Amino acid sequence: MTGTSYMEQELSSQPQTWREAARLGTEDGPLPKHGLRVAVIGCGTSWFMAQSYAALRESAGAGVTDAFPASESFLGTDRGYDALVAITRSGTTTEVLRILEAVRGRIPTVTLLGDQDTPARELSDETVALPFADERSVVQTRFATTALALLRAHLGEDLSTAIRDAEEALAAPLAQEWVDAEQFSFLGTGWTVGLANEAALKMREAAQSWTESYPAMEYRHGPISIAAPGRVTWLFGDAPDGLAEEVTRTGARFVTHDRDPLADLVLIHRVALARARARGLDPDTPRNLTRSVMLNTTPPTPPTQLS
């Protein structure tokens, strides 16, 4: 495959979309205030961003925050949630719409949207529009990271370093061994576990690659057995003591960087794109995937109550 794909155009614009997100995140908007008990939902990439936000919000002392895949969201009254945050690029994902409808009038909802002209807007009490981060590629890059950038800014983070690091990640050389690697394992700790999950998904979607993801400390409890020469273990954030040495002993390549972990995900976007091209794949139209998953079956009762 040659030429510029939508994925390449969109991933390259992330420093600009993060700047806009940082501005919006510091405004007085509908995102949950400090102290509220919050649930966050999404599907696929959006669920992984929800995982990162939940960990960041709790670690910042902003309140109990739980992340759920929309298809497995436990939002019964016993949970006592004060707010629900939904993340959806398309605004048409069936599982997200079901949850928004199920909690309507019971839990205040705010949805982060790429496309405002969608059913999610009508089902949400509030929305935060990110049209400048919407995408044409099926494979998400900038919408997901921009949504998380917005949420980080709302928690009071200064994103200037992350934006500079993203610009550096866009210019950094790609090691050929990353393009040729047989297998990737992505690791994270705290909020970067969600980034590790997302990095693995990007490789699978764009390049049909064998990838796995784990919390960094859990990697030692079995998964490290697949580490071997020609494979890569990539860590987002700080490495637990001794992990680099353990991976290196297996012959696998251990990769970690000092840049902001969200910016390191931008580098993974580039690696996924390069691997797709090396295999003659179109990253904009990955196999068996569409921009939004809309189910045609009769909707089951959403799992919003505890058993």
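Modeller: Before we start, helices (H or I, at least four residues) and strands (E, at least two) are DSSP runs, numbered from the N terminus.

Colleague: Thanks! How many helices and strands does the chain have?

Modeller: The chain has 11 helices and nine strands. This is a predicted model, where local features need pLDDT of at least 70 and side-chain atom pairs count only at pLDDT 80 or more, while totals for chains, interfaces and linings use all residues. Residues are numbered from 1 along each chain as its sequence is written, and side-chain values use heavy atoms, with hydrogens and water left out.

Colleague: Got it. What is the radius of gyration of the chain?

Modeller: For the chain it is 19 Å, close to the 19 Å that the globule rule gives for 307 residues, so the chain is as compact as a globular protein of that length. The radius is taken over C-alpha atoms, and the rule is 2.2 Å times the number of residues to the power 0.38.

Colleague: And what box do the C-alpha atoms fill?

Modeller: Roughly 55 × 45 × 40 Å, taken along the principal axes.

Colleague: How much of the chain is buried?

Modeller: Buried residues make up 56% of the 307 residues. Buried means under 20% relative accessible area, exposed over 50%, and partly exposed in between (1.4 Å probe, protein chains only).

Colleague: Switching to rings: how many aromatic pairs are there?

Modeller: The count comes to eight aromatic pairs. Rings of Phe, Tyr and Trp (its six-membered ring) pair if their centres lie within 6.5 Å; planes under 30 degrees apart count as stacked, over 60 as edge-to-face and the rest as tilted. One of the pairs is Phe68 with Phe74, edge-to-face at 6.5 Å centre to centre and 70° between the planes.

Colleague: Are those two buried or partly exposed?

Modeller: Phe68 is buried, with a relative accessible area of 9%, whereas Phe74 is partly exposed at 29%.

Colleague: Which Tyr forms an aromatic pair with Phe68?

Modeller: Tyr81 does, edge-to-face, at 6.4 Å centre to centre and 80° between the planes. That pair links distant parts of the chain, 13 residues apart: Phe68 is in strand E2 (residues 65-69) and Tyr81 in the loop between E2 and strand E3 (83-88). Tyr81 is buried, with a relative accessible area of 8%.

Colleague: Nice! Which residues do ring pairs link into a cluster?

Modeller: Trp178, Phe184, Phe186, Trp234 and Phe236.
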